[in-house]
Each structure stands twice: as C-alpha cells, then as structure tokens.
Amino acid sequence: MGDWMTVTDPGLSAESKTISQYTSETKMSPSSLYSQQVLCSSIPLSKNVHSYFSAFCTEENIEQSISYLDQELTTFGFPSLYEESKGKETKRELNIVAVLNCMNELLVLQRKNLLAQENVETQNLKLGSDMDHLQNCYAKLKEQLETSRREMIGLQERDRQLQCKNRNLHQLLKNEKDEVQKLQNIIASRATQYNHDMKRKEREYNKLKERLHQLVMNKKDKKIAMEVLNYVGRVDGKRGSWRTGKTEARNEDEMYKILLNDYEYRQKQILMENAELKKVLQQMKKEMISLLSPQKQKPRERADDSTGTVISDVEEDAGELSRESIWDLSCETVREQLTNSIRKQWRILKSHVEKLDNQVSKVHLEGFNDEDVISRQDHEQETEKLELEIQQCKEMIKTQQQLLQQQLATACDDDTTSLLRDCYLLEEKERLKEEWSLFKEQKKNFEKERRSFTEAAIRLGLERKAFEEERASWLKQQFLNMTTFDHQNSENVKLFSAFSGSSDRDTPTLHSRSRQKKPHGVPSGSPVCTSKLTKSLPASPSTSDFCQTRSCASEHSSSISVLNITPEETKPNQVGRECAHQKWSMSSRPGSQEVCYSGCSSTYTNSHVEKDDLP
Amino acid sequence: MNFSEVFKLSSLLCKFSPDGKYLASCVQYRLVVRDASTLQILQLYTCLDQIQHLEWSADSLFILCALYKRGLVQVWSLEQPEWHCKIDEGSAGLVASCWGPDGRHILNTTEFHLRITVWSLCTKSVSYIKYPKACQQGITFTRDGRYLALAERRDCRDYVSIFVCSDWQLLRHFDTDTQDLAGIEWAPNGCVLAVWDSCLEYKVLLYSLDGRLLSAFCAYEWSLGIKAVAWSPSSQFLAIGSYDGKVRILNHVTWKMITEFGHPATVNNPKIVVYKEAEKSPPLGHLAFPPPRAVAGPLTSSESKYEIASMPVSLQTLKPAADRANPRIGVGALAFSPDNYFLATRNDSIPNAVWIWDIRKLRLLAVLEQLCAVRAFQWGPQQPRLAICTGGSKVYLWSPAGCVSVQVPGEGDFQVLSLCWHPSGDSLALLSKDHFCLCFLEMEEGVHTAFGQRGDCT
C-alpha cells in the first residue's frame, strides 16, 4: 500500500516522509538536519529524495550508519540491530532478523502513520469545508444584519418623518381651530357692530320717518281721501259697534274661547289616540299571553293547557272588564302596570323568538351537515354491505350453477365424450350422486327438524308459562299445606315425582334441572346435521339457514313468548363461533337430549294437567 | 285636457274669484271680469292708470285695483257695475294694498311703511296702524278672518300686534326675540303664529294667539338661516326651508324637529322615482345642427316627455356666487298639498328640480327634473296635483300616479311664467308675459287613463 501510495502520489509520500522526519527531529542528527533542509528546498522531487536516501549509506560508512540506526531504533524502543554480544571484545554482529523485524515494524508503523495522516487530511478537508460553510453563513448573516439594520434605520426615519408630519398636522389643526375661533370672533364682533350700526341707522331712519310723518300726515292733506258712491253694508248686516271696554272684554273672551276650543280639540284627539294605543296595547298583551302560555308547557300537553289558558284569560278578562272603566278614568295608575306587563311579555316573546331563531339557524346549519350526512353515511354503509352480500350470494350461486352445469354437462354430454368421461368419472359421479342424495336427505331432515323445533319451542313456551303458573300455584299450595295439611303435601310430592317419569328426584332438583336443560335442550335437533352440512357445503345459505334456526332457537330459549323468526345478521365468525359452540354443546352433552327434552315437556304437560285438577 | 284661446294680459294680473265663478284679468288700465267657465266677458272696468295689483274680496263681490304709481286704489263692485270707489293716499304714497278678511275694509301701506291705513267701505271711519315693519311678510290674517297679526318695528325692536279684524281693536302686543324679523304666518287653525328671523340668523318662534311664546327653534348658528316657511293645512307641521339646502319639519305637539329633508345633488335610492324631462327629438328637417336655441329666448315648440331615470341620478347644480347678496342656494319654495300628504320643495341651487316628499312616511317620494329652471309650482286645491311651470311653453303636472308634460297649443310661443288654480281644481290659468289662457283638466275617460300612466302625454 505504501508502494502504491508512493507510485500514485509521490508528493503525498514525500510529505509523509517529511512527517516521519519531523518525528525524529528531536534527535537532531546532522544528516537529518541536512535532509530536512534538502526536503524543504526540494519537496516534490522524489528522485532527489531517493538519491539522497541512497546517499545516506555508502560503502564506507556502513558500520557507522548501522550503529546510528541501531542507536536511533533503540531510542525509539526497537530491539537492537546487533546480536547480543557474548563477550565484550567480540564485535557485535548485525542481526539480520532483527533488522528485518525492525524494517517490518517500521513499515507497519509507516502504513499506520499514512492511514492516520489520510484520516487527518480528510478531516482537515472536512473541517476546511465546514469552515468555509460557516464563513459563508457568517457573511450571509452579517449581510442580513446589515440589511435589517438599514431597514430599521429606514423605518425609524419614516417613523420620525411621520411623527413630524403628524406634529405638523396637529399644528395645522390647531392653527385652523384658532383660525375658526378667530373668524367666529370676528363674525360675532361684526355681527354686534352690524347690529349696532343698524340700530343707529334705524334710529336715524325712525327720526326721519317721524318727521316725514309729521310733515305728511299732520297737515291736513286734502288729497288723502276716499271717494265712494255709497257705503255698502257689512257682510253680517249689522252696524259697526262702538269701541268700548265691553268690546275689549268680549274680544278677549272670544280669543280665549278660540284657544280653549283648539286645546279641547287637541286634547280630544290626543285622548282618542291614547285610547287607540291603549286598545292596541291591551290586544297585544292578550295575544302575547295566549301565544306564550301554551308554549311554556310541553307540546303534548298543549291541547289541555290551551283550554286552561283560555279559561284563565277569560277570568283575567272578567277582571279587566271591571277595571277598564278605571283605565279610562286615570291612565297613570294603571299605566305602569300595563307597560310593565307588556314589557315582560315582550321580553319573553323576544327570548322565545330568539330561541326559535337559533334553533332554526342551527337546523339550517347542521341539518345538512351532520344529521343528514350521518344518516346518509349509514345508509350508504348499509347499501354497501347489502351490495357486498348480494355479490357474495351471486358468486355463490354462480359457483353452484357452474358445479351443477358441470354435473349436467357430464351427464348429458355426447355419447363419445360421456363414454370417454364415464370411464374416468364414473366413480366420481357415483360419489357425487351419493353425496347429492345424502345432502338432500340431510336437507329434508334438517327441515323436518327445524319444523319440529319451532313447534317444540312454541310448545315449550306455552308449557313454560303453564309451568310457571303451576309452580306458583304449587308453591302457594305447598305453603298452605305446610301450614294446614302436611300429609297432603308429601302426597303431592310423590305424585309429582311419579309424574316426572324419567327421574324420581325431588322437586327442587327438577326445577334446577329443567332450567339447566333449557339452553342445551333447545338446539338439540341440529348438531347431527350441522356437522354434515359444514362438511358437504361450504356455502353459507345453508349455514345461514341453520343460524336462523339457531337464533330462533336461542330466542326461544331466552324469551319463549316471542315466536317471530327474525333473521339475524350472519357474520362468518359468528357462524363459526356458534358452530363451535354447537359442537361443544354436542360434545359436552352427548346422548339423547331429545329424549330428555320430550321428557321435560311431558312433565310440563302433566303438571299442567295436574294443575287443572288442583283447586 | 283642453285649452282655451289666448287672452291679453299685463303684469301677470289674473285671478279667479274666491267662489270660483269669475276670472278677473288686467290689460293695462282695464279690468276684465269673465265667467270662469265660459270665459265670456261679464264686466269691463276702466281704471285711471295701469293696474299694478289686483285682488278679489273674500265674498267675491268687489275687486281691488291698486295703482301704486299714483298712490290710488280703485274698487269695483261686481253686482253694481256703476258703483265705484277710489281711495287716494295722497302724498304719503302707496306700496301695498290688500283686503280685510271681511271684504269691507282695505289696508293700505304707505310709502316708507309709515303707517297702514284701514279704510272701510261701510263707514267713513279710517284707522291707522303705526310702525308697520317693512319685511318679507309682515301682515297675516287667520284663515277664519278673525285676527290680523302685524309685524312692527319700534325703537329697534320687533313687535307683533294682533288685531281683531271685526273692529280693528288691538288684542295683543308683544315683542319678539328676533334680531330682524323677516316674516310671520298664522297656522291654518289660527291659534299659533310662526315668527322667523331674517336670513342672518336661523330662528323660528312660535307664539300662541294670546301672545305666549310656545317654543323657539334654532337649527344652527353662524350661517345663513331661513329662506321659506310653510304650514301644513292641518296645522300639524311647520316646514322650514333654509339656506343649507334642507327642510326641517316641526311637529305641533312638542314643536321639536321630527325630520330633516336634505336635497342632495345625487339621488341614489331605488325607492325614489326620478322623472327626467327629455326632449323628444323634433322630426329631422333642415334644422341646423346643433339646433339653435337661445338660452333665454323662446323655446322651439319641441315636445318633451318624462323619462324615469335610472339610479344613481345626478341633478344639475348651480354654482352660487358666494360674493353676491341673496345667493341662489337653499330651499326657497315649499308647499304642502291640500291633503297634507305631500310636500313640494325647490332647492335654489338645483333650480331645475322639484322634490316631492311623502309626509306620511317622511321620506322623499319623487324628483322631477326639468329642462329649465322651475319658475313656480302650485298644488291643486282639491286633489294632490302639482302644477309646475318653467317659463317654457309647457305646463307640467304631477300626481301620485305619475307626471305629464303638456304643451300649450297656439301659434307663437306661450311662455308660462306663472299659474294659478281654479278653486275647484278643474282648471288652471296659465300666465305669460302678456297673455293668458285656461287649461281645463276635467278629463274624458281616455285622457284620464293616459294621465294615470307614467310617461308622456301631450
């Protein structure tokens, strides 16, 4: 590797050498110093270096150089190049092995150093680039800082200018205001001056007028006269009356009469207006009451309450009727009351209307967004589900059809092919036929069982009911017997146990047993066929059918009184679970459940009969 | 709609008698009385000089003709054509003359408003009222003719005197808190007197008949104030038009403002109908293009119609000269319809438009924009019908059903400068500079439907 390095990158190797030289600098051998100088003077020339190195050792100074090297190496902790001398006199001989070892070690060292150097260099490069990057960043940031600073300065300047402007405007405004004030003052002073002048002028004018009056009017102006052919009568036909104190008083009276008439007229008008307004108010109040009171109650009570409020209104009206005369007389006493009540009602109405508004807006806002969408989503989901189911069913039907067709095809193919196939498929056909018949049989069985099942369930329901009744009566009787007829009680027990038939246990155990049985006993018919069904047909219709019956049965078991068969959703895992459950129940309770069931039912019927017998 | 033939007229003096039977008109120094329906001349009176003022007595029996230049008043009787009466004010001069409400007294105002002379036609008695104020509207009678309110000026203060008209006795005399009273007006019910200050100050004072101050209203200060005032016929509202281009309406209970009607130059409410008068382009002939039309000169007899403008509408506004007296701004004319339902106004800075307000809803109902400045408008006395004239050859009628523009027929140009309604509301006298004609509105069925339509009808 070192060779390769020297070949490919002589400069680098030279450098590495110089580095190695630097390490030995402490020694300060003359040659090394020299070499250093040489290296410093001519670094890239490896040839020179080479020649120099070759010049390090010559024929003459082999010994010296060896010893020098030995010394150097030993100081660096290498083993001595010389063999261990046996005697002091004997000249130490060069140990080739040691030399080689040393060489090797040196080479290894050299390689290591080279590697380290490389690493350092790459790191250096990296750091350099980092440095560049950082410097760039720094420069950029500095620039940014500068620009922002400039901007800030600009903004400050603008701010200052605006403030200046603002101040100027303020000043202007103030000036304007002052101006306005001044002008107003001027106007006012002018006005007073004008008035003063006017007054003076007018006085003069009046004086002149007075004088003119005297001049013109006082001397008997012959010209001022009226020529009339004859005086005409007054409009009213009366003669003019003398001016006396009486006429004055009459005039006054008339004036006041006119004024009074006017005021009376106005008062009347106002009264009329008031009455109208009062009427409107009252009507409003009534309407509000009738409008508001039913809404306070719940809607379903509305019908009853509206009549109630009507009645109350009527009562109120009766009260108001008597009061109305008072209303007309003096408004003040009632006014407050009326206005207050109206205000109250109005507030209620307002809040109600606001509420309604809010509701309406809410409905408008959310009606389309939330409820409707949710329902639609549901709807879509539902339809999607249904579609999926339909798809599945279709596929199933298709596969079935295919199967059937295949079967048919195989059955009614050409003779040759049938012949050809027969030989191959005879066996298979046989098997299929067998299976088919088996399947049919199973189906039939299943149907039958299902029917019997439902019947049994119905019966069971009835019986259970009867039993419950019977039990109640029995308990009652027992209680009575316990108190009165002990012997009869024991007889009854016996009778009961005798009737139970299959077992002659005590009545409490019977109860518990019957109860235990019920869940297991109901689906008892199915297990045999289900196992077969699942084996023969992986298709779901039959299983779903089964599930229907199963669910029906379970329904019977849970609440017998309800007998309508509702198809439940048939989820595959549920089916599987139920099947498993079925298997489990079957395995757990092998044997004749039906028998047991019928036994139970028979007991119930018997007990029923017995109950009829009982008083 | 029918038009009468055109009669001669001078000084726009043409008046229907209060009972609606007669029509008096003046031609120079002649007074012509016609039957209002047939227009036949019933009487012809000759005065001493050019008639400057004409007025019917309240009972339609006498006609007053004032000849201000000569300081003369001549009275004519309709029943007795030979009866005559001449009142000479002599050197005192005459500036105004009017009938007393009873039709037997004449109130003459002498020059320089030195006094008012009350002449009686029944007796020789003459009454004088001193110190009448020279102002826009300084004399007002109540509707029932019982009382006279007179604005006076004494010692640089404004006073109002209330006289009983039957014997001209002073009933009340009180000073008003005004700088320079500009006008007074009785409410139609005769119990409230509105007094307003000159345009330099916005101030309305309301006095009861017995002289009590009921209320004072001031909308703003330091600006030109009231320009016109109108009572609603029911005395319920007082509309005040002012120089800020607004109408403020006071109510009669609290005398506070109930609403404020602005008159903006742009109308941008789709509920408001803006009728825009549009010229029907005359049939193309050898007319020069653009058609020559002098601004003040006679309008060519081009037809016009109303179009309903689409919103927003910007109305033509006039830039007022700020350095002149009596600037053309503010609401200078306003009138309630006889049924109190509508109020018509004109903002003088938008001279081409008439604004019609719905008083029941207190909002703007319609705007009529004419091609020329509106000269005058008057409500029909019986129905809410507004007649408008603009000095052109057309008369415009608005009713809640719509509006029409009607061309006055006849050779030459008939510039309608003024108009007055017959008391029945069936006909309308249209007055031009030296002619007048009657416009009969009693309509046949077909015309009625046409009138009901919004649109044009000539």
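Analyst: A salt bridge is a side-chain nitrogen of Lys or Arg within 4 Å of a carboxyl oxygen of Asp or Glu. This is a predicted model, in which local features need pLDDT of at least 70, side-chain atom pairs count only at pLDDT 80 or more, and totals for chains, interfaces and linings use all residues. Residues are numbered from 1 along each chain as its sequence is written, chains are lettered from A, and side-chain values use heavy atoms, with hydrogens and water left out.

User: Why is the pair A:E210 and B:K130 called a salt bridge?

Analyst: The closest N and O atoms of A:E210 and B:K130 are 3.3 Å apart, and the limit is 4 Å, so the pair meets the rule. Across the interface of chain B and chain A the rule finds 5 salt bridges.

User: What makes a residue part of the contact between chain A and chain B, and how many residues take part?

Analyst: Contact means heavy atoms within 4.5 Å. By that rule chain B gives 54 residues and chain A gives 44. The two chains bury about 4600 Å² between them, 55% of it on carbon and sulfur atoms; buried area is the accessible area (1.4 Å probe) that two parts lose on being put together, summed over both.

User: Why are strand β1 of chain A and β10(B) said to pair?

Analyst: Two strands (DSSP runs of E, at least two residues, numbered from the N terminus) pair if DSSP finds at least two bridges between them. Strand β1 (residues 225-228) of chain A and β10(B) have 4 bridges, in the antiparallel sense, so they count as paired. A:M226 stands opposite B:I87 in β10(B).
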